[in-house]
Amino acid sequence: MNPNKYLCIHGHFYQPPRENAWLDIIEIQDSAAPFHDWNERINFECYAPNAAARILSDDNKIIDIVNNYAKISFNFGPTLLSWMEKADPLTYRALQEADKLSMERFNGHGSAVAQAYGHLILPLANQRDKETQIIWGIRDFELRFGRRPEGMWLAETAVDTPTLELLAAYNIAYTILAPQQARAFRKIGTEDWIPLPSQNVDPRRPYLVNLPSGKKITLFFYDGEIAQGVAFKGLLNSGKNFAHSLVSSFDNDDSVQLVHIATDGESYGHHHRHGEMALADCLNFVEANQMATITNYGAFLAKFPPEYEIMIHENSSWSCVHGIERWRSNCGCNTGGNGSWNQLWRKPLRETLNWLRDNLIPIFEKEGSHFLQDVWAARNDYVEVVFHRKNQEVIDKFLIKHASRPLQPDEETKTLRLMEMQFQAMQMFTSCGWFFDEVSGLETNQILQYAYRAIEYAKQVSHIDFHHEFQDRLAQIPSNIYENGAVQYVNHVIPSSVNLRRVGIHYAVQSIFDPYSPNLEFFNFRADSECFEKLEAGHHILVMGRTHIHSQITRSQKHFSFAALYLGQQNIIGNISTKMPLTTFKETSKLLEKAFHEAELGKVIGIMQQQFQSEKFSFSDCFHDVKREFLQRIIDEDFTPVNYSMREIYKHNYQTMSVAQQSGLPVPGAYINAIKFVVKQDIKQHFSSEELSMRTINHLFREIEKWQIKLSDDPELSLIISERIYNEILQLDPESPACGIQLSILETILSESAEQGYKLDLWKSQNLVFSLIQEYREKGKPEVGQHLTPLSEMLEISAHS
């Protein structure tokens, strides 16, 4: 192996923030089915598999499982990591472990790279936002990885000199850019600059930027041709071809060269199925054949400082050939497929949000000066609170550190609202809002949620309401689908908003369907019940209560009295009040209880309306996901007779239809539909039950085979079966006498599923069995691991792994 040839693969792992701006949770996204949302789906397809990627033998058997992140350079968006930390802590910890392993492997240089916090196009941000985004990106990285970052990824690799100055000022050693962003170069110590045609920079060396301030920063320009091959030209169809493509870029000499690429990390598993395996195979093939030394940017830079200087194209990026116009004009860059559309909306949207940001600044400075020593220093430090969301001790420390004096509870709330106003005002510039083709798209609606949230906070702290003018400005923005840019804002963004009153309504509705809890935490809120009563009569339910609702983000709170009458299905009549005295509530409760027990529902409604007056609510006031959850419960209950009828059709006609089938008569389509309905329900129910039964499993698969029904194309069933296989393996104890029965069940499920064509995602199960076999080998008990041989063979794990 030539010791001077180095290889580095960088993955930029990022998802647009999808959380409801008021609740901090991702609401269900039907397009991601059978998963709850796109974060969950892409995590399953990409982020988690890369933490345990399989390497195959020539006969397609698993011979090793590796953590790709330990061998590549990677950055994850902080908002994505915040989601992953809660949703998939195993993968989150695997990322942290990968960074530690890479530090051992690469002489103390970790492979994790920081990212400017909110995926803003930094050249389009004002100076304060630039700085805060970099500070937040660094601090978020430190809190997650326990060290300072050496490098930082810029959203869309968008760059200008002021951004590089700030990176250098905060001791960031390097960043990664696209080849077309290089303008001219020269060898250090020479005078003449050599102009660079587009993408003509030699990406195999680092370049130094001498900044106007006297500071310096190193730039790495990735190999654009190979990166394009990975992203768009099928290079991940073969890990070995991927490896050959990379090493073919080396010169056949002894010069020091670094071949490196950068792509969206989602290429490795989401955009390209099994891309994580191609990546693992590539790296393994390079190492096994000593084709190059795998490294990361920090390790390479420490060993080989730049010998050349570079000048950049100001205001350039990797995904817009016009620089950064994709995020501020109708430049022609789009995702394709909508040839008649334009993006004339981008410029006025950018101008509208700039207008809002600039109007929020004087409010922040004026109102914040009453409580804070330095409002901008406080904002820079607020990342600690954002990172430890809802942690009241962290909030206390933040307020003690930055307050100019001890604050009263209402002053604390106002201060926290000011901080949240600024947080939302930065989030509203998330680049994804401009990237796609239409102003009414999901990503643009998302950033408008942040804008609306910031407007609400501004009104609460200053009594200045920007909403009317903001909506008027949106109405001047053109849309390719709707009358103007305000339509989707009115239809989807405004209804998403949440205040304490709506939280109180949610609590009241939830108390109808769920068991009572005196102290309840949900989303960003806490409810402390003062009193509660629930009365039931058949399908009718009456709930009455008094509760305190607290925001765990801003510490705002309100007291509510409520009463709600459930009339069946989705029909709820409710009333709520923030002003009702306790004595009035108690008197009202007695009147309502008496009327309800007398079955005078009209009288119940009349009392509620009289006592609570105009503060009404109904089922439509529930939060989106909660509404769907309750509706599903109602539907399941209401369709019980339908389920019963379908099952009766199936059972009652079973023998007759069996004889008809044996006699060569076609089985009626209606009966086949009944079979499919029943068998699917039974599979879902049994594979979700506490204990699997071999007899039941055999019966279900025999029914599918007998009636020649096809359920294998149902992604929900495939996911349910895949997850149950994994959970059964988790319970395996190869040293237990009961293990034989469990293994027989697993082998039956796998063989029958394969025979009937189910496309199971078994990577989690494969990784687990592989680890078990390795574990017993390390314990000196290989014979115990051999009990798993039949299962491992069915999971295509090599006997020599």
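Modeller: I call a residue buried when its relative accessible area is under 20%, exposed when that area is over 50%, and partly exposed in between, using a 1.4 Å probe and protein chains only. This is a predicted model, in which local features need pLDDT of at least 70 and side-chain atom pairs count only at pLDDT 80 or more, while totals for chains, interfaces and linings use all residues. Residues are numbered from 1 along each chain as its sequence is written, and side-chain values use heavy atoms, with hydrogens and water left out.

The part to look at is helix H6, residues 224-232, whose buried residues are Gly 224, Ile 226, Ala 227, Gly 229 and Val 230; helices (H or I, at least four residues) and strands (E, at least two) are DSSP runs numbered from the N terminus. These buried residues of H6 pack against helix H7 (239-247) and strand E12 (257-264), where contact means heavy atoms within 4.5 Å. At the start of H6, a side-chain oxygen of Asp 223 comes to within 3.2 Å of the backbone nitrogen of Glu 225, and just after the helix Gly 234 adopts a positive phi of about 75°.

Elsewhere, Thr 444 belongs to helix H16 (residues 442-462) and is buried, because its relative accessible area is 3%. Apart from neighbours within four places in sequence, Thr 444 touches Trp 345, Leu 349, Gly 433, Glu 438 and Val 439. Val 642, by comparison, lies in helix H23 (residues 640-652) and counts as partly exposed because its relative accessibility is 38%.

Methods
Polar contact = N/O pair within 3.5 Å; in protein donor to acceptor, adjacent residues only side chain to side chain.
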